[in-house]
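The exercises below are meant to be worked with the sequence and the coordinates open side by side.

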Amino acid sequence: MTATRVLVLNSGSSSVKYQLLDMRDSSRLAVGLVERIGEETSRLVHTRSAGGAGRREQNGPIADHGAALKAVAAELAADGLGLDSPELAAIGHRVVHGGKRFTAPTVVTDEVLAEIERLVPVAPLHNPANISGIRTAQALRPDLPQVAVFDTAFHTTMPEYAARYAIDVATADAHRIRRYGFHGTSHAFVSRETARLLGRAPEDTNVIVLHLGNGASASAVRGGRCVDTSMGLTPLEGLVMGTRSGDVDAAVTFHLMRVAGMSADQIDELLNKRSGMVGLCGDNDMREITRRMGEDDPQAQLAFDIYIHRLKKYIGAYYAVLGRVDAVAFTAGVGENAAAVREAATDGLEELGLVVDAALNAVRADVPRLISPAHARVAVAVVPTDEELEIATQAYALVTQ
């Protein structure tokens, strides 16, 4: 029997998202989520996509990631999709930070795991949870390839002049300070799908990808390779996000230490969790913000205007970086669903060839589509991202080479 299935695990600090895919046709056999791990109110939601078994939910304490993955394994086994199946070819893991070393999907070894651990200081909220998921999966199936797919890998093609910060080189090198970028699996998938939508080869297509969710990032992709991206050493840099500030003068940190007496940890929490849209208007849900704008709420309007202003700056900057732009692609929760954001982000950019058709923009659909008129010099697209499929595809390709 040929093994054609890949289990994709996305282990967060207090959650595990998972999907089981059959790579013969990229179909989903099961999807699920374990959330609030470590709390009394933990919840597991499991859905078998094939066979019509429907949705099951468990509520009750799940102590840690080990217990969470064991619960996931039991749910899969109940559907005849257990981890002991000979049809399972690999387990693919989302790993947020791979540094400079990991430029492609990688089979996890002790050495690889040690390097992921060494990167914890630059991804303290993410890599520890990713490591926990890998170790638990290894214990459940020690004979199966565990494949790490890195959020940063797609961005390792950035030239040094885009990846370097203008600080002392010795200090930067000693502490691994450079721009790494994140959401790489999404940017890779969406840039490739955008080229396909245009009927072009990825290596002949230049795309600006706008991944707009609670976390948000932009990338400039030339011929299928990332040449610049908005996130940096951490996911804090760049666009205005749900709770993150995005670009801010580094001296704000020193000012808050001196004038407000804030500690480094307090400033970290401020910029990552109490800034962005929630800091500006108290909401990080774009649906609620646009509803408030419709009621003439000035704070919501200002937050939206700041969000769009930053977004336009990056579109313009990446247009200049690429020189020729074939498409601008919107993706992720806000990018795929907020027509008002897409309209505002492209408004006034007609001289750059960016035009949105109002009727096409208003259509809601879960398939890749163009929202620019046929005559537009630059295509504007909405391309639903599929990070799990990208992880599964990369992992399966690696283990079947």
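**Exercise 1. Determine how the two faces of β12 are covered, and which strands pair with β12.**

Step 1. Both faces of β12 are covered, since A327, A329 and T331 on one side are buried and V328 and F330 on the other are buried as well, where buried means under 20% relative accessible area, exposed means over 50%, and partly exposed lies in between (1.4 Å probe, protein chains only). The model is a predicted one, in which local features need pLDDT of at least 70 and side-chain atom pairs count only at pLDDT 80 or more, while totals for chains, interfaces and linings use all residues. Residues are numbered from 1 along each chain as its sequence is written, and side-chain values use heavy atoms, with hydrogens and water left out.

Step 2. Five of the five residues of β12 are buried, so this strand is largely enclosed by the rest of the structure. Strands (E, at least two residues) and helices (H or I, at least four) are DSSP runs, numbered from the N terminus.

Step 3. β9 and β12 run parallel and are joined by five bridges, with I208 opposite V328; two strands pair if DSSP finds at least two bridges between them. β12 also pairs with β14 in the parallel sense, over four bridges, where A327 stands opposite A379 and V328 opposite V380.

**Exercise 2. Describe the largest nonpolar core, and find which element gives the most to it.**

Step 1. A nonpolar core is a set of buried Ala, Val, Leu, Ile, Met, Phe, Trp, Tyr and Cys residues joined through side-chain atoms within 4.5 Å. The largest one has 43 residues, and those with the most contacts inside it are I208, L210, L212, M286, Y307, L311 and V341.

Step 2. Among the elements that each supply at least two residues of this core are β9 (206-212), α11 (298-322) and β12 (327-331), and α11 gives the most, with eleven residues.

Step 3. Not counting residues up to four places away in sequence, L311 touches L210, L212, L239, V341 and A345, contact being heavy atoms within 4.5 Å. Apart from this core lies another, of 27 residues, including A188, A329, L389 and Y396.

**Exercise 3. Classify the two aromatic pairs of the structure.**

Step 1. Rings of Phe, Tyr and Trp (its six-membered ring) pair if their centres lie within 6.5 Å; planes under 30 degrees apart count as stacked, over 60 as edge-to-face and the rest as tilted. The structure holds two such pairs.

Step 2. The rings of F102 and F150 have centres 4.6 Å apart and planes at 5 degrees, so this pair is stacked. F102 lies in the loop between β6 and β7 and F150 in strand β8, 48 residues apart, so that the pair links distant parts of the chain. Both F102 and F150 are buried.

Step 3. Y314 and Y318 form an edge-to-face pair, with 5.7 Å from centre to centre and 75 degrees between the planes. Both tyrosines lie in helix α11, four residues apart, about one turn of the helix. Y314 counts as buried at 13% relative accessibility, and Y318 counts as buried at 3%.
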